[in-house]
Amino acid sequence: MKTNNLNNKKPFILQMKSIYKTFPGVQALRGVDFNLYSGEIHGLVGKNGAGKTTLVAILMGLQAPDAGDIKIEGHQVKVMTPGEAIKAGVAYVPQRVDLMDSLTVGENILAGQLLKDKLGFINWPDNYHEAERRLKKLGLHLNVRSRLEGISMAEQTMLVIAKAIFSNAKLIILDEPTASLPRKDIERLFGFIHSLKEKGVAFIYISHHIEEVFEICDRVTILRDGNLVDVCNVSELTMGKLTAKIAGENIKENERKSTQEDKPVLNVNGLTRRGFYEDINLSIKKGEIVGISGLQGCGVETLGKGLFAMENRGIGEVEINGKPFLPRNPRDAFTQGLAYLPQDRYHFGLVGSRTVKENITYPVLKRFLMPFGLIKNSDESDLVAEYIESLGIVTPSHNQTALLLSGGNQQKVIFAKLAATRPSVLILHEPTQGIDVRAKQDIYRIIDELGTQGVSIIIISIEIHELIGVCDRILVMYEGRITHEFLKGDNKTTSENILLAIEGENNRNAIKQK
Amino acid sequence: MKNNLLHKLLLALFDNLIWIIIAVAIIIFSLLSDKFFTIFNLVNIIPRVAAIGLLIIGQSFTMITGNFDLSSESNVGFTAMIAGLLLATSENGGLGLMWPTAVVIPIMLLAGSLVGVINGLLVTKLKVNNLIVTIAMLMILRGVIYIINPGVSATKFPGSYNWLGSGTLFKIPYEGKLVSFPVSALFVLITFLVAFVITRYREFGRNMYAVGANRNAAEAAGIQSNKIILTVYIISGFCAALAGLLTSGRMDTATPRTGADWIFQVQAASIIGGISLIGGRGNMIGAMGGMLLWGIIDTGLNLMMVDPLLIDLLRGLLLLFAILLDTYKVRYLHSLAVNEALSDTKIGLKHKKLIYE
Amino acid sequence: MLLNKNDFRRIILDQFLWIIIAVIFITFSLWIGFDRFLSGTNIINILLHSTVLGILVIGQSICLLSKNFDLSAEGTVSLVTVIAAFLMVPTSSFGGGGGYEISPFIVIPLMLVIGTIAGFINGRLITKLRMNNFIVTLSMQLVLRGLSYIISGGLQIDNPPAAFNWLGTGTVGPIPFAIIFTPMLFILINWYLKNSYFGRQLYAVGSNSEAANASGFNSGRVVTIAYMISGFMAALAGWMLLGRVQSSYSKLGAGFTLETVAASVIGGISLQGGLGSLGGAFAGVMLLSVVDNGLNLMDVNPFWVNGIRGLIILLALVIDSQKMRYKLKVTPQSQPQTQE
């Protein structure tokens, strides 16, 4: 059902037709269409890996499509460079704003276009006036003389948008703009976007916050697995229908026998960190697999890192196997029985330029120590061989550079590393991110196997359907608190309900977790 | 709001730290030596460090864009030696050409700027790490000085050449003696003023800050960062040549060691003067304060007849101190931003112990 | 495949070194004459020249592998040699020491300890206080040299006792001991780095300190140890140097810094950290020594030699920065990050 246009009068500002794009090992876009009117706010939604990023990258000139047409304002556009995209009126507002923070607001606006007098000297009062004037035209009131450090995040985002408009952007891509903004600022931002919409600026609004899509978008395009699922008018949708389209079908539910034992392995009591999470209580049994999901900024990412001692944990008590868990750093965490798989594989997960063997044994090297700090290579190789086999890591040799493996195999290497530390608790952060479908099944098999062996596992992920397939319980975090709990096999445990919970719906009925 | 006032106070403190330190230094030295706070002594402060002051200008320009030019001290010696060779008679270490000052000075400035061009191209076109490249140039140039005038110093320059470095503008009678106000002091103050105007009121100056603050954002705004960086290196080379002129004019000699070991003082003075290591921050007035501080410390320690070798040690320590300050300033500003974001959220508010980062 | 091509190019850039050495060797032999250049005495000269530099390069390479510079090593050399001479040499009107006449058996360990402590201070300032390693070690150099000025009073001290000098001037038959010592040190330490816990940590921290930390390493401690090793090596080099020139003055050791970085970089130790091996660094040292020796035999003005050395250094740096460009291509595509 391709419901398209409400107002036939408004011209198309962007028409993308039948866009195909393949990367090694994964087909990112399969014949996707995307259209945008001037003055439209168009949401672009879908799970991670659905193709949103790729589509936008092509529009910005960072990638070239394998096939398909792009027309901007009616003109056919061949392969674009980023510079050409900007000239054509495409602007991108990243999640983390990219401004010059030691300079003033006014200077940020007028950088490269400062007003000068006849002799070429800068007249600051005139410049600040001009900056204010431009902002006022957009209905924005900021202190142009204050340094960037003095204005709020929301104001910085609005500033970036303003700058884009001053550079004659006709089409602005907003990438998760509300991720770190408090509620009142979000309203302000939306007001600003609305006023720009009246002036004919078009927006592509990428977000995981379904609530916001309903609040601000006119139409929404849903992608899934590189396919275009639907393009709808927001007015004709409900939250439920939309989440259903996004979620699609669940992956095959593993007939996983519950291998939990009754003793709690991990106990978290009243964990609080100012600005991130509050009063977190968890009790996880041996062999239990618990999923925790939430929007960006809900605090769950920081919670994971905090437990692993990569960041400040805050106050509150944590116990593993009945003993106080007080790591000062990741090494302590490993020793005391907790391991963590980071979301960002390349920066935190692997030392890319080193070998597979080395990456697997880093935390447990001390087991192979001989006198004088030397390493017993044979024992080490044995361990590595064992894990390569049991996890099914595809690599030409132990000494292959880790970076050269496929995404899925890289992830398996990290799993091997963590498993080798024989953890009681394993925290996984988006374990299947950036991995193709076949490898994902492998990863879940590994997770399953680890659970059977008695490891308690926490999976932090926004891939709700994946969580449903593998977890015994799923917790939802919203604005720093655990608000819902969904049990496996329960009627209420559906993608749609969980998605709604993540959005903060039914907050009043929040179930606190013991 | 209480937070805001304290924050503004601290920020003002950090920005003007140099003037506070200068005040403290003046007080300390006046107490330690009664000869310090006399007009004869005070008048001497700037000429001693005028050449360093020029280098500070050049170094600040590059640092504002987020780069370093550690070769400038050798550039000083290099240009000074070129001038010396062209000016002095053969008995006095020169080539015996005895060219007129009006020809030699432009040649010096050109030579210094050329070194800047080479530095700039290596950093922008070949994208070599700027720290290493300028240190390599530091050593290469020092070698070149030896090559063009092996082990010999050139002296006895014409008065017209020495005027800038050691000349007097006017003399004033005071307590029965004549106090001379040096040309170099006025010159260096004017140069700082010009530098200040450029950085504050010229587009080029603002672009320097933009590039240093966030190179990507600057490029996105249409600023050609490579051109800016190349230009500041040329300016740094030009300033080094001026410094060469000042110092060889003041000493009436150009030796193979002219300018040697200056780089630490220049760095320290710039950093204490508020020019941050990370780029995009600091102003020329503060940098001038750095020069003044250096002059004060130098004259003060000399008056107290401190062993010059100890002075070197102290300079090294001061540099370390300067970096510490800068590091803390940057971290403080960063934590301010973090706390600003934290104060907006309500999460964790109920707990009595408010944990700030 | 894109990756293969870049890998290939990187390999060529790495082996470049040996090709260059061979070419230079041949060129010099032809120019100067085989009998002069490749004579036994001359080969020994080349090797001897490289012995002190070599020890310093070991220290610098280890720091570079951890992605840090140690620009203070020459200051350490200066300080420990001055202290050693001061403690060992009897007083006299010229070239005399402090008159304590302490035995080398005490002084030598003392030197090594001092060097290690200097390295420790560097390490702490850089890791705990998170100060820029370049400027910190640069200022430490000044401080150390300043200290040595103070202790020596700017005067030189001559003639350390014979028992002290054996590392610098001792021989095994016709061959100077140093020629065996330094290469053996390289081989030993290189092997150790490849097969030890510390070596693994070093390479991991230098390549990606965040991932290393997430894998349970303590990058701050590893870096500090690297600096301590560098300080130790500087003291060791000082011992050899003083034993050879048998005269200490606070300017001793000046100019070594850039050469050590150059030899390391030429030898394949990348400034990006975690890449390269001591074997390559040794080749870098040999290259510089051969060039030095050859140019000397050709009666080239010593100041030109300096200039040429500077140019070689620049070339090595340019090549290394090109290597860095290729590395960037191996990491994942630059797409806008929708999920952080």
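## Basis of the description

The model is predicted: local features need pLDDT of at least 70 and side-chain atom pairs count only at pLDDT 80 or more, whereas totals for chains, interfaces and linings use all residues. Residues are numbered from 1 along each chain as its sequence is written, and chains are lettered from A and ligands numbered from 1 in the order in which they are written.

## Overall form of chain B

Chain B contains 14 helices and four strands. Helices (H or I, at least four residues) and strands (E, at least two) are DSSP runs, numbered from the N terminus. Along the principal axes, the C-alpha atoms of chain B fill a box of roughly 85 × 55 × 35 Å.

Of the 357 residues in chain B, 52% are buried. A residue is buried if 20 or more other C-beta atoms lie within 10 Å of its own, exposed if 12 or fewer, and partly exposed in between, with C-beta atoms placed from the backbone.

## Helix α8 of chain B

Helix α8(B) covers residues 183-201 and reaches 26 Å from its first C-alpha to its last, close to the 27 Å expected at 1.5 Å a residue. The expected span is 1.5 Å times one less than the number of residues. Among the buried residues of α8(B) are F187(B), V188(B) and F192(B).

## The sheet of chain A

In chain A, four strands form an open antiparallel sheet in the order β2-β1-β4-β5. Two strands pair if DSSP finds at least two bridges between them. Strands β2(A) and β5(A) stand at the edges, each with a single partner strand, so one side of each has no neighbour in the sheet.

Strands β4(A) and β5(A) pair over three bridges, and I70(A) has V77(A) in β5(A) as its bridge partner.

## The contact between chains C and A

This contact takes 30 residues from chain C and 38 residues from chain A; two residues are in contact if their C-beta atoms, placed from the backbone, lie within 7 Å. On the side of chain C, α9(C) gives the largest share, six residues.
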